[in-house]
Amino acid sequence: MIDPGGQEYWSCMDYDKIEAMEFYSGWDAFCDAKGEINPQMPRSSATVTFIDKGEHTVVETVVKYDSLNQLEMVTQMGVKEGLTSSLNRLEKLLEQSK
């Protein structure tokens with residue numbers, strides 16, 4: 001991710017389970033450009049599920065942290081806005097591919 005000031009932020013996902021067309025889960029982490037995980041930052045577990053609704057698909061994302069403090073830390077850093085921005089871009093990309 002790149003903020004308006006040009007600062008780059010990196011993350012990586014270690015996938016745990018992948019069930020094609022159904023869901024995937026894994027561990028998300030902050031890292032550097034080379035993929036080295038930042039041990040000072042919290043990791044989260046994430047499960048993304050795809051729910052067939054006929055002409056549409058609902059994407060449900062559940063992210064969990066080990067503590068409220070970790071959740072508050074990433075919330076203050078803007079993780080909610082970052083995830084919302086990513087999902088909005090995905091929606092636009094999918095609409096363009098119709």
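Mentor: Before we start, a helix here is a DSSP run of H or I with at least four residues, and helices are numbered from the N terminus. Please keep in mind that this is a predicted model.

Trainee: With that in mind, which element gives the largest share of the lining of the second largest pocket?

Mentor: Helix 2 does, with 5 residues. The second largest pocket has a volume of about 450 Å³, and 12 residues line this pocket, with Thr57, Val59, Leu90, Glu91 and Leu94 closest to its centre. Strand 4 and helix 2 are the elements that give two or more residues to that lining.

Trainee: How do you know what kinds of residue make up the lining of the second largest pocket?

Mentor: Sorted by class, the lining divides into 6 nonpolar, 2 polar and 4 charged residues. Glu91 is one of those closest to the centre, and Glu counts as charged, whereas Leu and Val count as nonpolar.

Trainee: What makes up the lining of the largest pocket?

Mentor: The largest pocket holds about 1100 Å³ of space and is lined by 36 residues, among them Ser11, Asp28, Val79, Gly82 and Leu83, which lie nearest its centre. Strand 1, strand 2, strand 3, strand 4 (56–64), helix 1 (68–77) and helix 2 (79–96) each supply at least two residues, and helix 2 gives the most, with 9. The lining has 23 nonpolar, 8 polar and 5 charged residues.

Trainee: Why is the contact between Arg43 and Asp14 called a salt bridge?

Mentor: The cut-off is a side-chain nitrogen of Lys or Arg within 4 Å of a carboxyl oxygen of Asp or Glu; the side chains of Arg43 and Asp14 meet at 2.7 Å, N to O, so the pair qualifies as a salt bridge. Arg43 lies in the loop between strand 2 (23–31) and strand 3 (44–53), and Asp14 lies in strand 1 (residues 10–19), 29 residues apart. The structure holds 1 salt bridge.

Trainee: What makes strand 1 and strand 2 a pair?

Mentor: Pairing needs at least two bridges, and 9 bridges join strand 1 to strand 2, which run antiparallel, so they count as paired.

How values were computed:
Residues numbered from 1 in each chain as written. Predicted model: local features only at pLDDT ≥ 70, side-chain atom pairs only at ≥ 80, totals over all residues. Heavy atoms only, no water. 1 Å grid on protein atoms, 1.4 Å probe; cavity = no way out; pocket = protein on both sides within 12 Å on 5 of 7 lines; lining within 4 Å. Points joined across faces, edges and corners; volume = space filled by probe spheres on them.
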